[in-house]
Amino acid sequence: MSGFSQIMRRRAESLVELYPERRSALIPLCHLAQEEAGYLSEDMMRDIADLVGVTPAEVYGTASFYDMLHTEPVGKYLVGVCTNIACLLQGGGELLEHAEEKLGVSPGGTTHDGVFTLEEVECVAHCDKAPAVQVNYRFFGPLTDETFDELIDDLSVGKYEGEVPSHGTLIRVHREVGIEVPMEEIVAQRRESDAAIASRKAALEAAKESK
């Protein structure tokens, strides 16, 4: 797997320019990489590191921390079955077992055709539609075994192509405007914040010494 394509590299460079500090673009660049490849390959992480001025290890450390970022290949559709309390009480555990049977994989596994990756997920804030399922971070529910099968079959034939983008792409509108605040104001606010922190620290030290 290679790094950014030429088109995505230009988008990545434009994205970095939106931030007053390059490394602030690290996570947005990770999502951009997943938009293209579905996961963060080593080459992708090296490209991101080069763009934001950190080491590839720092990129990997960030990517491996967040569940929505993947450092291994995933299917076209990430199917996450919620088993948190609201969904669990409404049959989320049984639905997950059924999903394993339907797809033929355990949580964390990808089907042989590379189309589906199954995940067991924490609360997806769709509690009123329990048991809920997220597909590439788009939500469906409440689902029964039968309606889950229908959802998988519909995804397989492309019924949701316009609604559920590949690989869990989070956004459909590309950001083109940076922080609309003059850099001088940002610097001044940071100085004020640093001064306030230093003042509080000095006050704490003085209080300790007076005891």
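Student: Which residues of α2 are buried?

Tutor: In α2, the buried ones are L26, L29, C30, L32, A33, Q34 and A37. Keep in mind that this is a predicted model.

Student: What covers the buried residues of α2?

Tutor: The cover includes α1 (6-16), α3 (42-52) and α4 (56-65).

Student: What makes Q34 count as buried?

Tutor: Buried means under 20% relative accessible area. Q34 has 3%, so it is buried.

Student: Where does Q34 sit, and what is it in contact with?

Tutor: Q34 lies in helix α2. Setting aside neighbours within four places in sequence, Q34 is in contact with Y39, L40, M68, L69, H70 and H167. Contact here means heavy atoms within 4.5 Å.

Student: How do you know that the span of α2 agrees with what a helix should give?

Tutor: Helix α2 has 12 residues, 26-37, and at 1.5 Å a residue they should span 16 Å. The expected span uses one less than the number of residues. The end C-alpha atoms of α2 are 16 Å apart, so the two values agree.

Student: What follows α2?

Tutor: G38 does, and its phi is positive, near 90 degrees.

Student: Let's zoom out. How many helices and strands does the protein chain have?

Tutor: Eight helices and four strands. Along the sequence they come in the pattern α-α-α-α-β-α-α-β-β-β-α-α.

Student: How does the radius of gyration of the protein chain sit against that of a compact globule?

Tutor: For 211 residues, a compact globule would come out near 17 Å, but the protein chain has 22 Å. As for the box, the C-alpha atoms fill roughly 65 × 55 × 30 Å along the principal axes.

Student: What percentage of the protein chain counts as buried?

Tutor: Of its 211 residues, 39% do. The protein chain exposes about 12400 Å², and carbon and sulfur atoms supply 52% of that.

Student: What about contacts between residues at least 6 apart in sequence?

Tutor: Among those contacts, 64% join residues at least 24 apart.

Methods: Residues numbered from 1 in each chain as written. Predicted model: local features only at pLDDT ≥ 70, side-chain atom pairs only at ≥ 80, totals over all residues. Heavy atoms only, no water. Helix = DSSP H or I, 4+ residues; strand = E, 2+ residues; numbered from the N terminus. Buried < 20%, exposed > 50% of the residue type's maximum accessible area, 1.4 Å probe, protein only. Rg over C-alpha atoms; globule rule 2.2 N^0.38 Å. Areas by Shrake-Rupley, 256 points an atom, 1.4 Å probe, with all protein chains shown as cover.
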